[in-house]
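Here is a friendly briefing on a structure, sorted by topic. Take a moment to look at the model first, then read on with it in view.

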Amino acid sequence: MTATTLPNAAPVADAREENPWARAWRRLRRRKGAMFGLVVVLLFVMVAVAAPLVAPYDPIATSWSAVRKPPSWAHWLGTDEVGRDVLSRIIWGARASLSAGLVSVGIALAFGVPLGLLAGYAGGWIDALLSRIVDAMLAVPFLILAIALAAFLGPSLSNAMIAIGITATPVFIRLTRGQTIAAKVEDYVEAARAVGNPHWRIALRHVLPNIVPPLLVQASLAIAGAIIAEAALSFLGLGQQPPSPSWGSMLNSAQRFIAQAPWMAFWPGFAIFFAVLSFNLLGDGLRDALDPRHK
Amino acid sequence: MSPLLEVQGLAKHFPVKRGAFGFVSGHVRAVDGVDFHLGAGETLAIVGESGCGKSTVGRLVLRLLEPTAGSVRFDGEDLLVLSESGMRARRQRMQVIFQDPYASLNPRMTVGAMLGEPLMLHGLATSEATRRARVGELLELVGLRPEHARRYPHEFSGGQRQRLAIARALAVEPQLIVADEPVSALDVSIQAQVINLMRSLQDRFGMAYIFISHDLAVVKHIADRIAVMYLGKIVETATTDELFRNPRHPYTRALLSAVPLPDPTAARERALLEGDIPSAMNPPAGCRFHTRCRFVRESCRVDVPALADDGSGHATACPWWPEFPPARSLTEGSGQDQDRIRLARLQAAFVTTQTEAS
């Protein structure tokens, strides 16, 4: 009879000491798609960081003797209309695309999460006001708003990042707000109040850590969206400025030579596709791995 | 001596909003005028069906909910006039244990962080080392081990989690712990452990409990006094022995006769409650129990009975109770005996465990 062991020898919990993140990692590792996404993302990040070392040519050096050459041993992915090496431009372009993805989503998180937490936790008129602003911003299509903001700020890569970041913020406000409202009524939040926590500490220490998983999933998917948005802005000339390479601006210049030099369009398009696919796979895997309902 | 806790006219009406514009269409009178008091080191049980407002009373006393009306005096001080930060400081002296230990522990906080938090908030452990020592001590107090501090709640069983919740409540050495159905989510065998733990901690530290429950067998074991609630009001309050020996209010009598018997062949006449508990949005006029009372009279539909103390501390919100047949004839002899036997067995289990443990 277990009751006879009172009060000092309660049965011992099984010995698996594992924090929630370690458990999520273990579950993520079992998912092939997610691991594929993670590997490709890390590969892209490594290539972007080591661009000066791995790029075979200077990405902006022109060569009139090698204009629009198809892929060859000298230029693996061919050359563009002014003789620049496409592979080197893709490698350097990864910097623009990935940093656009990470920085703009970072901006969106930095504004969206605190505002969403405030709206969800405080409720009342603060919530009503913020939610209406969010509704208004979400009523405008994502890309249209990003283009409008980028045009307003002026064409440059950093302005494009800011524009994309601001455009992606409402989604994070709304998600954080909803998750906060759901977490706010949990017993452990009430327990935190009963213990004597001030409100700011309840919001940061008790609510926020419990809503990180859905935010992480949304962030990885938003990076994919931001990469596309950066490509679109660069394609339109509002992002990375020539001659600096970016996948979007490479597509832009390639469209005029699509019949004569299809490799100029194919490789940047493929890079965008691959990076976006990888972030999406990673996001999907994270969603499954972090979902507490899955064992 | 003034009581540790004195509650008067406590009420909580939740507004009910309807439609797109959120117009208030009515109020749920979850708690509607409740008075009670509690001495230091005493255990008061609040019992009643689900929906009677007993959990709300617990939250109102701790001011986790803001009352609509009434006063809560803790150690002579009115809690309801305190500011937000003033109330936060008082929380050191009153703590809570929730029903569901799977929901009441933050899943992303280690046990050590969870137990250290109240110490840090109330300035009870200034250095990291004293905090860690105190956390280890708390874990041992509730029958766990200091090295469990590194773990997360999901690594513990339900009973162990409830022990953790008790340790968290205990951390600040409160004078009052409100326990909201602390064992009803646990297995019966674990219930006994947790109840015993709560009792031995009370013997040791002398805090008062408000023990909210619907399980009369458990309540009989832990409570000094019992308050029976029905639809937001207290209908009867007495010492535990007196209430079980001599229930007066028809509702209390029905509740007591509904305690299940271990022997299904034991015959007894049950004072069964018919129908459902009426809506608290629109409670019956007069005595709130009149729609289900087997002794209902014409005047019950009009007059609101007051909770009248007979001088011995046994108060009943029914003026007609002296005229009812004695409770014994309601629950036939055998049934009553079966109740006694079951309770005696339960208590015997508790007593042996305590002596063996000490």
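**The two chains at a glance**

In chain B, 67% of the contacts between residues at least 6 apart in sequence join residues at least 24 apart. For chain A, residues 24 or more positions apart account for 69% of the contacts with a separation of 6 or more. Please keep in mind that this is a predicted model.

**What the chains are built from**

- Chain A has 11 helices and 0 strands, and from its N terminus on the elements run α-α-α-α-α-α-α-α-α-α-α.
- Chain B holds 11 helices together with 12 strands.
- In chain A, 46% of the 295 residues count as buried.
- In chain B, which has 358 residues, the buried ones make up 45%.

**The overall dimensions of chain A**

- What radius of gyration does chain A have? The value is 24 Å, while a compact globule of 295 residues would have one near 19 Å.
- The C-alpha trace of chain A spans about 90 × 50 × 25 Å along its principal axes.

**Two helices packing in chain A**

- Two packed helices are described by the angle between their axes and the distance between the axes.
- Helix H4 of chain A covers residues 86-122 and helix H5 of chain A covers residues 124-139; they pack at an angle of about 135 degrees, and their axes are 7 Å apart.
- Because of that angle, H4(A) is oblique to H5(A).
- Where H4(A) passes H5(A), the crossing is left-handed.
- On the H4(A) side, the contact is made by Leu115(A), Leu118(A), Ala119(A), Gly120(A) and Ala122(A). On the H5(A) side, the residues are Gly124(A), Ile126(A), Asp127(A), Leu130(A) and Ser131(A).
- Sorted by class, the contact of H4(A) with H5(A) has 6 nonpolar, 3 polar and 1 charged residues.

**Two helices packing in chain B**

- Helix H5 (residues 158-170) of chain B packs with helix H6 (residues 188-205) of chain B at an angle of about 15 degrees, with 10 Å between their axes.
- That angle is why H5(B) is described as roughly parallel to H6(B).
- The crossing of H5(B) and H6(B) is right-handed.
- H5(B) brings Gly158(B), Gly159(B), Gln162(B), Arg163(B), Ile166(B) and Leu170(B) to the meeting. H6(B) brings Ile190(B), Gln193(B), Val194(B), Leu197(B), Met198(B) and Leu201(B).
- The residues in the contact of H5(B) with H6(B) divide into 7 nonpolar, 4 polar and 1 charged.

**Backbone spots to look up**

- Most residues other than glycine have a negative phi, and most peptide bonds are trans.
- Which two residues of chain A does a cis peptide bond join? They are Pro242(A) and Pro243(A), and omega is about 10 degrees.
- You will find Pro243(A) in the loop between helix H9 (199-235) and helix H10 (247-254) of chain A.
- Arg63(B) is not a glycine, yet its phi is positive, near 60 degrees. Look for Arg63(B) in the loop between helix H1 (54-61) and strand S4 (69-74) of chain B.
- Is Arg63(B) buried or exposed? Arg63(B) is buried, because 20 other C-beta atoms lie within 10 Å.
- Asp75(B), also not a glycine, has a positive phi of about 55 degrees. Asp75(B) sits in the loop between S4 and strand S5 (77-78) of chain B.
- Asp75(B) has 16 C-beta neighbours inside 10 Å, so Asp75(B) counts as partly exposed.

- Ala231(A) belongs to helix H9 of chain A, and because it has 29 C-beta neighbours inside 10 Å, Ala231(A) counts as buried.
- Ala231(A) and His199(A) lie 32 residues apart in sequence, and their C-alpha atoms are 42 Å apart in space.
- Setting aside neighbours within four places in sequence, Ala231(A) is in contact with Ser97(A), Trp247(A), Gly248(A), Leu251(A) and Ile272(A).
- Asp32(B) is part of strand S2 (residues 23-38) of chain B. With 22 other C-beta atoms within 10 Å, Asp32(B) is buried.
- Asp32(B) and Ile234(B) are 202 residues apart along the chain, and 9.1 Å separates their C-alpha atoms.
- Apart from neighbours within four places in sequence, Asp32(B) is in contact with Ala11(B), Gly232(B) and Lys233(B).

How values were computed: Residues numbered from 1 in each chain as written. Chains lettered and ligands numbered in written order. Predicted model: local features only at pLDDT ≥ 70, side-chain atom pairs only at ≥ 80, totals over all residues. Axes fitted to C-alpha atoms, helices over the stretch in contact; angles between N-to-C directions. Helix = DSSP H or I, 4+ residues; strand = E, 2+ residues; numbered from the N terminus. Parallel < 35°, antiparallel > 145°, perpendicular 65-115°, else oblique. Left-handed = near helix turned anticlockwise from the far one by under 90°. Contact = placed C-beta atoms within 7 Å. Nonpolar A, V, L, I, M, F, W, Y, C, P; charged D, E, K, R; others polar. Rg over C-alpha atoms; globule rule 2.2 N^0.38 Å. Buried ≥ 20, exposed ≤ 12 C-beta atoms within 10 Å, placed from the backbone.
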